[in-house]
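Me: I'm new to this one and would like a hand reading it. Can we go through it feature by feature?

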Amino acid sequence: MHAGKTSGLVPRPVALVLATLFAALALLGVGSAAASASTDPSEEPSGPVLSIGGIMRDGDDPVEGVEVTVEGGGFSEVATSDDTGRWSVVVPEEGDYSVTIDPDTLPDGLDLRDPDRTTADVTAAEWQTNTISRLFPLGEDTRQTSGFLDLFMQRLVSGLNFGLLVALAAIGITLIFGTTGLNNFAHGELVTFGGILAWVFAVLLGLNIFIAIPIVVILGAAFGYVQDTVLWRPLRRKGVKLVQAMIVSIGLALLLRYFYLFMVGGGTKTMNVGLSEAIVLGPVRITTGSVLSMALSVVVLVGVALFLTRTRIGKATRAVSDNAALAAASGIDVDRIIRIVWVIAGALAALAGVMLALYRQVSWDMGFQVLLLMFAAVTLGGLGSAYGALVGSIVVGLFVELSTLFIPADLKYAAALIVLIFVLLLRPQGILGRRERIG
Amino acid sequence: MDWGNILGNAVGELISPTTAAYALAAIGLGVHFGYTGLLNFGQAAFMLIGAYGFAIPTISFGAPLPVAVLCALIASVLFALFLGIPTLRLRADYLAIVTIAAAEVVRYIVTTTGLTDVTGAANGLSGFKGTFAASNPIPDGTYGFGPFTYNAYDWWVRIVGWGLVILASVLVFLLMRSPWGRIVKGIREDEDAVRSLGKNVFSYKMQALVMGGVMGSIAGIVFILPRAVQPANYTTGLTFFIWTIMLLGGAATIFGPIVGSMIFWVVLSLTQGVLYGAIESGFLGFLSTTQAGQIRFMLVGIALMLLVIFRPQGIFGNKKELSFSV
């Protein structure tokens with residue numbers, strides 16, 4: 001096999017780093033395997049603790065002593081809210097439960113806001129996290145319903161944040177497409193790689209996030225390099241056609257995705273690294289993590305732009321994107337440029353993964369969930385154009401967040417993808433793309 | 001390890017309705033990719049539309065069997081038109097991105113909680129099998145031998161499922177020998193050449209997209225007959241499995257999708273049986289059964305890569321027939 005022959009070309013330091021990395025992942029996997037293998041009841045505490053809980057409040061004041069019953073699957077337990085208004089019931093399994101409040105235990109003069117709503121259901125499908133909350137609104141509705149404009153501003157900022165992190169990953173897709181013509185469906189897995197490693201270093205190993213980020217980015221770059229050396233370059237040499245290569249990337253994506261699942265398990269992991277304090281700017285609440293992520297994205301994106309326009313290698317990259325044969329004829333080492341592009345793409349994707357981890361949570365398919373949005377961004381901007389990818393990503397990010405003002409939040413990705421289809425209908429070359437690319 | 005049981009389960013997969021459904025979907029995909037060269041990465045969406053298009057009229061309006069099937073078919077034709085109009089004039093990989101995106105869109109739509117009354121949201125739908133079960137001419141009871149012992153309903157599902165597979169195969173065989181088939185294959189080889197002969201390439205591509213999509217939606221109906229409708233079944237993973245099956249057998253072949261589907265499911269069943277057996281007997285004690293399931297997906301990924309790199313024409317295919325044009 002070609003891969004076998006060329007894998008010997010991986011320089012020793014890189015191979016060493018990767019070997020360490022996979023060993024770390026393997027250890028991790030064995031650990032989680034041991035945890036999930038013990039399903040018999042006698043060892044129950046080793047599994048995740050599942051609980052249903054909530055908080056009782058009258059306006060801003062906690063309400064103590066309210067009884068809530070959680071029932072389901074032969075299990076029944078009563079919880080009483082404590083002096084902070086909190087209540088919680090540990091449940092045995094990820095099943096269906098009904099949560100019932102006893103209105104008689106409410107203090108005198110305080111009633112349920114909706115007297116008919118004394119029961120709330122929890123379905124088995126909801127157990128994506130270990131804790132599910134159920135709230136029973138009490139008293140008059142004194143919440144300040146935030147105005148449309150405030151909500152709009154809030155979403156605008158989240159959309160910008162999300163768009164910038166999509167842009168980081170999407171530029172990698174578009175550079176790879178530009179230089180090799182490959183639609184890399186395994187790009188989401190490069191992002192997940194960054195997210196999972198960030199979790200490993202910052203949470204499991206307890207490193208400071210600012211130390212973890214550079215490590216993860218370097219490992220991401222190494223991952224991109226190894227992918228190109230072991231898989232894509234041999235395939236290019238073999239003369240594998242682009243559609244074939246695209247299907248290979250789909251196979252690789254499946255392999256990597258389930259490898260991640262195998263290693264870290266199916267649950268989502270929270271990135272609790274102390275960057276969640278909220279900063280309030282007028283109507284907008286934003287976490288320090290988001291501010292950091294946006295600032296870093298902007299710096300890196302400007303860096304990439306300068307690299308592409310000002311450096312020799314950057315110019316060569318654009319030349320290869322334009323016309324690889326011509327670039328080769330004028331003395332540019334096309335293979336070297338493609339290798340550099342893979343390294344950059346891997347590093348950027350890993351950084352996007354870290355930010356996605358901070359923005360949401362870490363899971364085995366976090367990258368795959370945003371892969372289509374990245375493709376949407378790249379297509380919107382025009383396949384192969386780096387600036388187009390940036391513009392497209394911001395549009396997609398804003399659209400995803402702002403659409404929730406009008407449609408249910410669980411359809412926000414769908415809305416962005418529908419926009420993709422309509423853009424192709426109206427302007428197939430994308431916002432900044434060139435006509436010739438659509439063939 | 002209970003080898004008898006493991007082999008029995010694996011052999012049972014040969015004629016299981018799921019195998020038939022995947023084969024049907026792969027035949028449809030073969031019309032798209034193998035014969036016409038269309039990169040449809042949304043075959044799961046056609047299956048989803050077949051499933052919901054059949055289940056929703058049956059449950060919500062009590063539609064009789066033919067009406068429900070007709071609804072599913074019409075829905076899939078409309079979906080194919082919706083996909084094809086913006087993308088069939090563009091380069092092949094745009095269709096790939098749009099179909100995969102559209103497939104996710106329809107999955108998000110049936111999963112959204114706002115439509116729980118119609119689609120059952122994440123819980124899906126059940127209780128739509130009445131009309132199909134009523135059409136069963138086999139008297140109640142258990143028939144068969146060895147691993148092929150099923151009750152009347154299970155046999156009926158298998159007979160109908162495989163009957164449809166044979167019907168679709170014959171149809172594709174006849175079509176691809178016809179002038180229509182020659183034009184479609186010509187489009188796969190060289191679109192511009194066909195266009196220069198005065199053929200409307202867009203129209204032929206659209207016809208192929210609709211036809212393969214309709215087969216996908218019939219596959220969707222067969223797929224849900226032995227189970228409930230679950231939106232989580234229709235992820236892009238399903239599409240990739242169908243691609244693996246199609247490429248395994250050979251994309252532009254008649255028997256490829258059928259044999260591909262059989263091999264795929266027998267191998268999956270065998271690996272599951274062997275891995276589970278090994279775990280139970282403590283041989284692979286560090287693995288959990290969930291992880292064993294994940295190993296199978298990794299194997300599918302590896303198989304897909306190796307197939308495309310080393311034998312893109314599949315088991316039955318002729319290398320000349322399968323030209324990855326882009």
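Me: Which residue takes a positive phi in the hairpin of S4(A) and S5(A)?

Reply: Keep in mind that this is a predicted model. For a hairpin, look at what sits between the strands. Here the hairpin of S4(A) and S5(A) has two residues between its strands, and A:Gly73 takes a positive phi near 55°.

Me: How many bridges join S4 to S5 in chain A, and in which sense do the strands run?

Reply: To read a strand pair, check the direction and then count the bridges. Strand S4 (residues 67-72) and strand S5 (residues 75-80) of chain A run antiparallel, joined by six bridges. To find your place in the pair, take A:Val70, which stands opposite A:Glu77 in S5(A).

Me: Which residue of S7(A) stands opposite A:Thr69?

Reply: That's A:Thr100. S4(A) also pairs with strand S7 (residues 97-101) of chain A, in the antiparallel sense and over four bridges.

Me: Zooming out, into which domains is chain A divided?

Reply: Look for the residue ranges. Domain 1 covers 48-133 and domain 2 covers 148-438. Their C-alpha centres lie 40 Å apart.

Me: And how many residues of chain A are in contact with chain B?

Reply: With two chains, ask who touches whom, then what supplies the touching side. In this model, 42 residues of chain A are in contact with 45 residues of chain B. Helices H2 (12-37), H6 (242-264), H11 (366-381) and H13 (412-426) of chain A each supply at least two residues of that side of chain A. The largest share, 15 residues, comes from H6(A). By type, the side of chain A that touches chain B divides into 34 nonpolar, six polar and two charged residues.

Terms used. Residues are numbered from 1 along each chain as its sequence is written. Chains are lettered from A and ligands numbered from 1 in the order in which they are written. This is a predicted model: local features need pLDDT of at least 70, side-chain atom pairs count only at pLDDT 80 or more; totals for chains, interfaces and linings use all residues. Two residues are in contact if their C-beta atoms, placed from the backbone, lie within 7 Å. Ala, Val, Leu, Ile, Met, Phe, Trp, Tyr, Cys and Pro count as nonpolar, Asp, Glu, Lys and Arg as charged, and the others, Gly among them, as polar. Two strands pair if DSSP finds at least two bridges between them. Domain bounds come from an automatic or database domain assignment.
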